[in-house]
Amino acid sequence: MSRTFVGMPPFPTAARAALADTQLRSNLAHATTTIRAKRAAVVAEVDDWESLRLRAAAIKDDVLLHLDEHLVRLEESLTARGAVVHWARTAEEASDIVAQVARAHGVDEVVKVKSMATQEVELNEHLAAQGISAWETDLAELIVQLGDDLPSHILVPAIHRNRAEIRAIFEREMGRVGRPAPEDLTDEPARLAEAARLHLREKFLRAKVGVSGANFAVADSGTLVVVESEGNGRMCLTLPEVLVSVVGIEKVLPSWDDLDVFLTLLPRSSTGERMNPYTSTWSGVTPGDGPQEVHVVLLDNGRTRALADEVGRQALRCIRCSACLNVCPVYERTGGHAYGSVYPGPIGAILNPLLRGVGHDEQTDSLPYASSLCGACFEACPVRIDIPSVLVDLRAKVVDAHRSGVPKPEALAMRAAAAAFGSGGRLGAVERASSLAGRALEAMAGLTGRGRRAGGRRLLGRLPGPGAAWTDARDLPAPPAESFRAWWKRTSGGTQ
């Protein structure tokens, strides 16, 4: 995959284009509706679901408060079991470490477990620039990679594709990079999965280096955990001679007892299953079994920035289940590409600005506004991230970040309103001017026959200039001929 999210337009621009794609909206509506229904059914089976959410949030919050201690413990445990631990402050450092390991073993390809962290640091593109091919082995990630596409969902990266589109991608692209698709390939899911297995098998068998992320990292035992549904991850974790795992520092958990809570919450929230078909755990090197050289890259890349935000740090509880995406009315209509990041949907709208900071990039600054604030994401989140509250806080930070620059028309309008409302005399003058304007508009409308009435008041048509976009979707009443304060004075408080 050569495409990246770099240079993506702000959310409103990207969303407008996505809304015009009827096939995309149909694909998204079908997929999210199906996932929501499955999730609701299996969550309803758990009597203490809310208690589990509360416990998971408490565990994560405690980890974040003592993150330095848990990370040191994790490093000690991993090292004791034969793993080499690396610390990466930035995306570039993390990608460089993986590339160095690959070059040290003289390979020109690696196989990958589905990993949000490696997508975040753009590992594939970094390796490709050094002549190393990174093969995605998750079915959905493979579809995205072969289609030279971008992921649009945390759990189902190819959610924006339907079966016919996937078949066409396989037929067109598989032969170019390996075993071609069968000549009699159909768009039946079983046949598509079979074609992917045959295509990937040769890559699994010859790969010397595997790359993974981790859903969780247990500090007291030095155990990394990956949960998946297809078994491709298990192949990447066991067949190669060398394994490199890129793990966000927030993924650490203190103990196996804590892990139990999340292995109950995650599959139900993500795939609507009671348990994941494949849960793989590994701790360093085991002689004669699995990779004999293990590297773990602990990734910051903005996480300590997010940790310092008292309101936003709760986003680091995220276990990447994608439940918030599947219930979000904005995501369902625009899809993930509009968010311009590997982290789309409600969690992406807060996580990206927290990791990157606001006030530097128009695209990032647009994300906190990519929400209706309906609250469905908070209700669905298994670790109780209050996404609406974080969105509102980030909107304030975006506004504050731009206060010192050239003010926008909206800011000027708000300043004018503040000046008017800050003085009784100024407010009275504005009201008198508004009343005169209202009477003039009523007279003009009567002469020309323009405008219409609703509730006894005349509605203005489309405003010129900056007001045009606002009145395209809203009715604007003409200013009243008499202000409330003038009426109150004239009638002695309504008594006359």
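The legends below describe close-up views of a predicted model.

**View 1**
Six strands form an open sheet in the order E1-E10-E7-E4-E2-E3, and their pairing is parallel. Strand E1 (84–88) and strand E3 (133–136) are the edge strands, each pairing on one side only. On average, neighbouring strands of this sheet are turned by 25 degrees against each other, direction ignored. Strands of a sheet pair through backbone hydrogen bonds, either parallel or antiparallel.

**View 2**
E1 and strand E10 (residues 293–299) run parallel and are joined by five bridges. Within this pair, Val-84 stands opposite His-295 in E10. Helix H5 (residues 91–104) lies across E1 and E10, and also across strand E2 (109–112), strand E4 (209–212) and strand E7 (242–248). The helix runs at about 145 degrees to E1.

**View 1. Strand E7 and its two neighbours.**
Seven of the seven residues of E7 are buried, so the strand is largely enclosed by the rest of the structure. Val-242, Val-244, Val-246 and Gly-248 point one way from E7, while Leu-243, Ser-245 and Val-247 point the other way. E4 is joined to E7 by four bridges, and these two strands run parallel. In that pair Val-211 stands opposite Val-244 in E7. Seven bridges join E7 to E10, again in parallel. Here the bridge partner of Val-246 is Val-297 in E10.

**View 2. The four-stranded sheet.**
An open sheet of four strands has the order E8-E5-E6-E9, with mixed pairing. Its edge strands are strand E8 (252–253) and strand E9 (278–282), each of which pairs on one side only. Strand E5 (residues 216–218) pairs with strand E6 (residues 223–228) in the antiparallel sense, over three bridges. Val-218 has Thr-223 in E6 as its bridge partner.

**View 3. Nonpolar cores and the surroundings of Phe-262.**
The largest nonpolar core has 106 residues, of which Phe-170, Phe-262 and Ile-350 touch the most other members. Which residues does Phe-262 touch, not counting residues up to four places away in sequence? They are Ala-56, Ile-59, Lys-60, Phe-216, Leu-253, Pro-267, Ile-319 and Val-383. A second, separate core has 23 residues, including Ile-132, Ala-134, Val-209 and Val-242. In soluble globular proteins, nonpolar side chains tend to be buried together.

Ser-95 is found in helix H5. Its relative accessibility is 1%, so Ser-95 counts as buried. Leaving aside residues up to four places away in sequence, Ser-95 touches Val-121, Glu-122, Leu-123 and His-126. Glu-122 belongs to the loop between helix H6 (116–120) and helix H7 (123–128). Although Glu-122 is not a glycine, its phi is positive, at about 55 degrees. Glu-122 counts as partly exposed because its relative accessibility is 28%.

Is Glu-120 buried or exposed? With a relative accessible area of 14%, Glu-120 is buried, since the limit for buried is under 20%. This residue is found in helix H6. The contacts of Glu-120 are with Leu-299, Asn-301, Arg-303, Val-342, Tyr-343 and Leu-355, not counting residues up to four places away in sequence.

**View 4. Leu-373 in the loop between H17 and H18.**
Leu-373 lies between helix H17 (362–366) and helix H18 (376–380), in the loop that joins them. Leu-373 has a positive phi of about 60 degrees although it is not a glycine. Its relative accessible area is 32%, so Leu-373 is partly exposed.

**View 5. The annotated span 73–299.**
An unreviewed UniProt entry carries the annotation "domain: LUD" for residues 73–299. The end C-alpha atoms of this span lie 16 Å apart. Residues 73–299 are 42% helix and 21% strand.

How values were computed
Residues numbered from 1 in each chain as written. Predicted model: local features only at pLDDT ≥ 70, side-chain atom pairs only at ≥ 80, totals over all residues. Heavy atoms only, no water. Pairing = 2+ DSSP bridges. Axes fitted to C-alpha atoms, helices over the stretch in contact; angles between N-to-C directions. Contact = heavy atoms within 4.5 Å. Core = buried A, V, L, I, M, F, W, Y, C linked by side-chain atoms within 4.5 Å. Buried < 20%, exposed > 50% of the residue type's maximum accessible area, 1.4 Å probe, protein only. UniProt positions renumbered as here; feature names shortened; annotations may be inferred.
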